[in-house]
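User: Please take a close look at one part of this model, the nonpolar core and the sheet beside it in the listing. I would like one connected description.

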Amino acid sequence: MVQVSVPRPLNLPDFPWDSLRPYRKKAAEHPDGVCDLSVGTPVDETPLCVREALAQASQAPGYPTVIGTDEVREAILRWCRRRSMIDVGHTGVIPTIGSKEAVAWLPFILGVRPGDVVLVPECAYPTYDVGARLAGAVAIPVDPYAIDTWPDAQLVWLNSPGNPDGHVLSVQQLRAVREWAARRGAIVISDECYASLPWEEPYASQGVPSLLDERVCEGDPTGLLVVYSLSKQSNLAGYRAGLLVGDPALVSLVVQLRKHSGMMVPTPVQHAMAVALDDVQHVDEQRERYRVRRECLLAALQGTDLVCDPLSVAGLYLWVRQAQQGEDAATVFSRGGGDSWALVDRFARAGIVVAPGDFYGEAARGAVRVALTASDDRIRAAALRISAMTR
């Protein structure tokens, strides 16, 4: 009898959202139905111009290229210019299969190996940690604003605007990270997939600064990469349309591995991406939809003991904690603490599903993430329920 050795399981955490099942069940018992604000999955229509572009390019019998068509790379470079990012040329940009696969695999592709250190934001999207684990490295959560406390590392992840907290790193803060990394020869990757959704000044009028902003990197992309997704700005989560921009030497390493592993964005999706990147109008329209939903939910918090983080100034979520008697929002978020799951249960009893801060690291415990990705009807229903919530 042939003996087959069972592969050792990867050292990966349980998928966090599976633990929400009992709360989804509880919320679904509400007589007016559930309001699911737990995930950032777009619900609005994909723009017509993008759907038409996909159909126009559907005659695609040959394999797509890993580096991307000239059309999509030129569209990416135009998008970069609109964000005041430096020109890295065609060899510094590629399309990716959404941004999550890039986040998960970039540490390994870029040479991070067992025993190496990857720094991740202390309040962060869990895939940064997963990417470090896939490379056999150690992920260490750090405060993005306390660089002088950071240990040495091979790679640093930034996320601005942040998921889940909506925090934005300023030009000065980004430059400080870049200088820290340059002194140590570390790579910095900035996940900027919520950059199209700024709500408060100065970002609402000036835009969210990029790691590749001229004021940050001073014309030199060495050791710097930016990942971006069209899922949020264009409702393209189902297309898996993302991009990578930065140091051409690092992009070349990514291209080589992707060639060997067949990680290619389908040709019709590349054409649709180019159209989406060049069409600013639909991005503005989608931002306005989210702005209205955000203001509706923020207004509902008034008069309750629930407060939104005052530094949550961009992105697709409200970052919410429960206040004690007499506390303002700044005090609540400076002290931290609390029970995320008790707050998830409280929302579920009102027929609303939200995500616990526990999904996003120790520093996030006690908070919940409330997504803007629900229909106008469900957002209004959720707002009415929230406004009626008492201690």
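**Core and sheet**

In this predicted model, the largest nonpolar core has 54 residues, and Leu230 and Val245 are those with the most contacts inside it. Leaving aside residues up to four places away in sequence, leucine 230 touches Asn235, Leu236, Ala241, Leu243, Met273, Ala276 and Leu277.

Seven strands form an open sheet in the order β2-β8-β7-β6-β5-β3-β4, and the pairing is mixed. The edges are β2 (93–97) and β4 (138–142); each has a single partner strand, so one side of each lacks a neighbour in the sheet. Direction ignored, neighbouring strands are turned by 25° against each other on average.

Within the sheet, β7 (residues 224–229) pairs with β8 (residues 241–246) in the antiparallel sense over five bridges. Serine 229 has glycine 242 of β8 as its bridge partner.

Two helices pack on the sheet. Helix α4 (residues 100–109) touches β2, β5 (155–159), β6 (187–191), β7 and β8, and its direction makes about 165° with that of β5. Helix α5 (residues 127–134) touches β3 (117–121), β4, β5 and β6, with its direction at about 175° to that of β3.

As for covalent links, a search of the whole structure finds zero disulfides. The sulfur of cysteine 193 lies 14 Å from the closest cysteine sulfur, that of cysteine 123, which is too far for a bond. Cysteine 193 counts as buried because its relative accessibility is 6%, under the 20% cut-off.

Methods. Residues numbered from 1 in each chain as written. Predicted model: local features only at pLDDT ≥ 70, side-chain atom pairs only at ≥ 80, totals over all residues. Heavy atoms only, no water. Disulfide = S-S within 2.5 Å. Buried < 20%, exposed > 50% of the residue type's maximum accessible area, 1.4 Å probe, protein only. Core = buried A, V, L, I, M, F, W, Y, C linked by side-chain atoms within 4.5 Å. Contact = heavy atoms within 4.5 Å. Pairing = 2+ DSSP bridges. Helix = DSSP H or I, 4+ residues; strand = E, 2+ residues; numbered from the N terminus. Axes fitted to C-alpha atoms, helices over the stretch in contact; angles between N-to-C directions.
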